[in-house]
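Work through the exercises below with the sequence and the model at hand. Each task is followed by a solution in steps.

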Amino acid sequence: MTVTPIRLFGDPVLRSPADPVVDFDKELRKLVADLVDTMRDQEGAGLAAPQLGVGLRVFAFDVDDVVGHLVNPVLEFPDEEEQDGQEGCLSIPGVYVDTKRRMNVVAKGFNEYGDPVQIVGSGMMARCAQHETDHLDGVLFIDRLDAKARKEAMKAIRATDWYEAGMTIKVSPHAPASGQAG
């Protein structure tokens, strides 16, 4: 198992759009494995490559006992239905805020071998696909909040034990819990 430190809010890689994957090779398969191992270790629903400091368009997910990944995702929304619910992020540990997202999504992309993949999801799967694709675009879930909610979220972030004003690169203070169920 390869658990990798997660980059935290304030790290510039989280605000940089990721590059499309062009090589479906052994390195990509290792990145996918690292994403899955780290996500499971931290008991997350999803994890994007920039959260590990890698600027490539790849994310892993573990929603409703479905574990997978998507390379170079493109999202489509079959309707206008929305959901509002608690959202958190492994790069902003301990902060959860009600965030509006689309209820249904069709996520198209590729697997680690370059084969086309399509994920059709609603509820939590749709929320996860949107959240992780946002990471690939340099967007954090707090950017989706209205001004009042964003101000409250920033207050909560500044109150955490991991946040340091002016920090640039910092990894998660939570030590990997090897062997922990994910």
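This is a predicted model: local features need pLDDT of at least 70, side-chain atom pairs count only at pLDDT 80 or more; totals for chains, interfaces and linings use all residues.

**Exercise 1. Which parts of the chain does the salt bridge between D137 and R57 tie together?**

Step 1. Take the distance. The side chains of D137 and R57 meet at 2.9 Å, N to O.

Step 2. Place the residues. D137 lies in the loop between α2 and α3 (147–158), and R57 in the loop between β1 (46–48) and β2 (58–63). The pair therefore ties together parts that are 80 residues apart in sequence.

Step 3. Compare with the cut-off: buried means under 20% relative accessible area. R57, at 14%, is buried. D137, at 37%, is partly exposed.

**Exercise 2. Is D11 buried or exposed, and what does D11 pair with?**

Step 1. D11 has a relative accessibility of 2%, so D11 counts as buried.

Step 2. The partner is R7, with the closest N and O atoms 2.9 Å apart.

Step 3. R7 is partly exposed, at a relative accessible area of 21%.

**Exercise 3. Locate G10 and give its distance to S91.**

Step 1. G10 lies in the segment before α1 (26–41). With 34% relative accessibility, G10 counts as partly exposed.

Step 2. Count along the sequence: G10 and S91 are 81 residues apart.

Step 3. Go to space. From C-alpha to C-alpha, G10 and S91 are 9.2 Å apart.

**Exercise 4. Describe the largest pocket: its volume, its lining and the elements behind it.**

Step 1. The largest pocket holds about 450 Å³ of space.

Step 2. It is lined by 22 residues. Closest to the centre of the pocket are G44, A45, G88, C89 and L90.

Step 3. Assign elements. β4 (82–89), β5 (92–102) and α2 (124–136) each give two or more residues to this lining. The largest share, 5 residues, comes from α2.

Step 4. Sort by class. The lining divides into 8 nonpolar, 10 polar and 4 charged residues.

**Exercise 5. Which residues line the second largest pocket, and how do they divide by class?**

Step 1. The second largest pocket has about 160 Å³ of space.

Step 2. Its lining is V21, V22, D23, D25, E27, L28, K30, L31, V54 and L56.

Step 3. By class, 6 of these residues are nonpolar and 4 are charged, with no polar residue.

**Exercise 6. How many cavities of 30 Å³ or more are there, and what lines the largest cavity?**

Step 1. Rolling a probe the size of a water molecule over the atoms shows where empty space is left.

Step 2. The count is 1 cavity of 30 Å³ or more. The largest cavity has a volume of about 30 Å³.

Step 3. F59, F61, A107, I119, M125, C128 and A129 form its lining. By class, the lining has 7 nonpolar residues, no polar and no charged.

Step 4. Assign elements. β2 and α2 each supply at least two lining residues. The largest share, 3 residues, comes from α2.

**Exercise 7. Summarise the chain as a whole.**

Step 1. Secondary structure comes to 3 helices and 7 strands. Their order from the N terminus is α-β-β-β-β-β-β-β-α-α.

Step 2. The chain has 182 residues, and 47% of them are buried.

Step 3. Take contacts between residues at least 6 apart in sequence. Of these, 68% join residues at least 24 apart.

Step 4. The accessible surface comes to about 9,100 Å². Carbon and sulfur atoms account for 50% of that surface.

Technical notes. Residues are numbered from 1 along each chain as its sequence is written. Side-chain values use heavy atoms; hydrogens and water are left out. On a 1 Å grid over the protein atoms alone, a cavity is a set of points where a 1.4 Å probe fits but cannot get out, and a pocket is an open set with protein on both sides within 12 Å along at least five of seven lines; lining residues have an atom within 4 Å of a point. Grid points are joined across faces, edges and corners, and a volume is the space filled by probe spheres set on the points. Helices (H or I, at least four residues) and strands (E, at least two) are DSSP runs, numbered from the N terminus. Ala, Val, Leu, Ile, Met, Phe, Trp, Tyr, Cys and Pro count as nonpolar, Asp, Glu, Lys and Arg as charged, and the others, Gly among them, as polar. Buried means under 20% relative accessible area, exposed over 50%, partly exposed in between (1.4 Å probe, protein chains only). Contact means heavy atoms within 4.5 Å. Accessible areas come from the Shrake-Rupley method with a 1.4 Å probe; for residues, only the protein chains shown count as cover. A salt bridge is a side-chain nitrogen of Lys or Arg within 4 Å of a carboxyl oxygen of Asp or Glu.
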